[in-house]
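Subject: Structure handover

Hello,

Here is the structure I promised to pass on. Please open it first, then read the notes below.

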Amino acid sequence: MWGRIEHYFDEYPVRKLIAKTLLRYGLRVSEDMKIKAGEIEVPYTKIAKALNVDRRVVKETVAMILKTPELREIYMNLEPTVHMKYVGKHVGYGVIEIEPEPRAIGILAKVAQKIADRGINIVQAIAEDPELYPEATLTIITEKPIPGDLINELSKLEGVKRISIY
């Protein structure tokens with residue numbers, strides 16, 4: 001998705017950084033020019049400090065987003081999502097992270113089918129957008145740890161570059 005909207009920010013590198021960050025974290029822009037995580041307001045100053053930019057540029061970015069119909073539709077509908085990658089093991093889930101070969105197609109489907117064939121339920125699957133994450137991964141959280149022989153099977157699938165277990 002980033003590839004379809006980043007051109008709006010080409011002339012404004014700092015705004016581009018801010019817009020990309022809002023998108024990565026699912027931070028929504030509201031009609032009243034606020035930035036929100038769900039219903040929790042995130043002050044411009046906190047975002048500015050995190051990105052080491054001026055708070056006024058954060059405000060200008062929000063204004064620009066609200067004035068641009070395509071950006072407005074996207075940013076007004078974002079939602080943050082819990083990512084269970086690091087907490088899954090603490091509640092007894094299985095957590096695997098797959099680094100695909102660049103532009104590999106169908107990895108999620110192939111992995112999900114292998115896991116389903118073993119009667120293991122997938123609790124969460126997060127496939128990162130390679131345009132937002134330089135080293136995009138597919139993280140699969142399962143209701144129980146994945147057996148070693150299945151990990152070996154998954155690592156042999158076409159398009160799988162590397163698998164990590166958490």
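Let me start in a loop. Lys144 lies in the loop between E6 and H7. These labels are DSSP runs numbered from the N terminus: helices are H or I with at least four residues, strands are E with at least two. Lys144 is partly exposed, because its relative accessible area is 42%. The classes are these: buried is under 20% relative accessible area, exposed is over 50%, and partly exposed is in between, with a 1.4 Å probe and protein chains only. Lys144 touches Gly92, Tyr93, Gly94 and Ile120, leaving out residues up to four places away in sequence. Contact here means heavy atoms within 4.5 Å. From Lys144 to Thr61 there are 83 residues in sequence and 43 Å in space, C-alpha to C-alpha.

A word on the source: this is a predicted model, where local features need pLDDT of at least 70 and side-chain atom pairs count only at pLDDT 80 or more, while totals for chains, interfaces and linings use all residues. Residues are numbered from 1 along each chain as its sequence is written, and side-chain values use heavy atoms, with hydrogens and water left out.

Overall picture

The protein has 7 helices and 7 strands. Along the sequence they follow the pattern α-α-β-β-β-α-α-α-β-α-β-β-α-β. The C-alpha atoms fill a box of roughly 55 × 30 × 25 Å, taken along the principal axes. Of the 166 residues, 42% are buried. Take the contacts between residues at least 6 apart in sequence: 66% of them join residues at least 24 apart.

The sheet

An open sheet is formed by 4 strands, in the order E5-E6-E4-E7. The pairing is antiparallel. Two strands pair if DSSP finds at least two bridges between them. Strand E5 (122–127) and strand E7 (160–165) stand at the edges. Each has a single partner strand, so one side of each is left without a neighbour in the sheet. On average, neighbouring strands of this sheet are turned by 15° against each other, direction ignored.

E5 and strand E6 (residues 138–142) run antiparallel and are joined by 5 bridges. Ala125 stands opposite Ile140 in E6. Two helices pack on the sheet. Helix H6 (residues 107–117) touches strand E4 (94–100), E5, E6 and E7, and its direction makes about 20° with that of E6. Helix H7 (residues 148–155) touches E4 and E7, and its direction makes about 155° with that of E7. Axes are lines fitted to C-alpha atoms, for helices over the stretch in contact, and angles run from 0 to 180 degrees between N-to-C directions.

Buried or exposed: which is Thr137? Thr137 counts as buried, because its relative accessibility is 8%. Thr137 lies in the loop between E5 and E6. Its contacts include Glu97, Ile98, Ile126 and Arg162, not counting residues up to four places away in sequence.

The helix pairs

Helix H3 (residues 44–51) and helix H4 (residues 55–67) pack at an angle of about 115°, with their axes 8 Å apart. That makes H3 roughly perpendicular to H4. The angle classes are: under 35 degrees roughly parallel, over 145 roughly antiparallel, 65 to 115 roughly perpendicular, and the rest oblique. Tyr44, Thr45, Ile47 and Ala48 in H3 meet Arg55, Val58, Lys59 and Val62 in H4. The residues of this contact divide into 5 nonpolar, 1 polar and 2 charged. Ala, Val, Leu, Ile, Met, Phe, Trp, Tyr, Cys and Pro count as nonpolar, Asp, Glu, Lys and Arg as charged, and the others, Gly among them, as polar.

H4 also meets helix H2 (residues 13–25): their axes come within 9 Å and cross at roughly 70°. H2 and H4 are therefore roughly perpendicular to each other. Among the H2 residues in this contact are Val14, Ile18 and Leu22. The residues of the contact of H2 with H4 divide into 8 nonpolar, 1 polar and 2 charged.

Two backbone points

Met33 has a positive phi of about 65° although it is not a glycine. Met33 sits in the loop between strand E1 (28–29) and strand E2 (35–37). Asn52 has a positive phi of about 60°, and it is not a glycine either. Asn52 sits in the loop between H3 and H4. Asn52 is exposed, with a relative accessible area of 73%, whereas Met33 counts as partly exposed at 26%.

Best wishes
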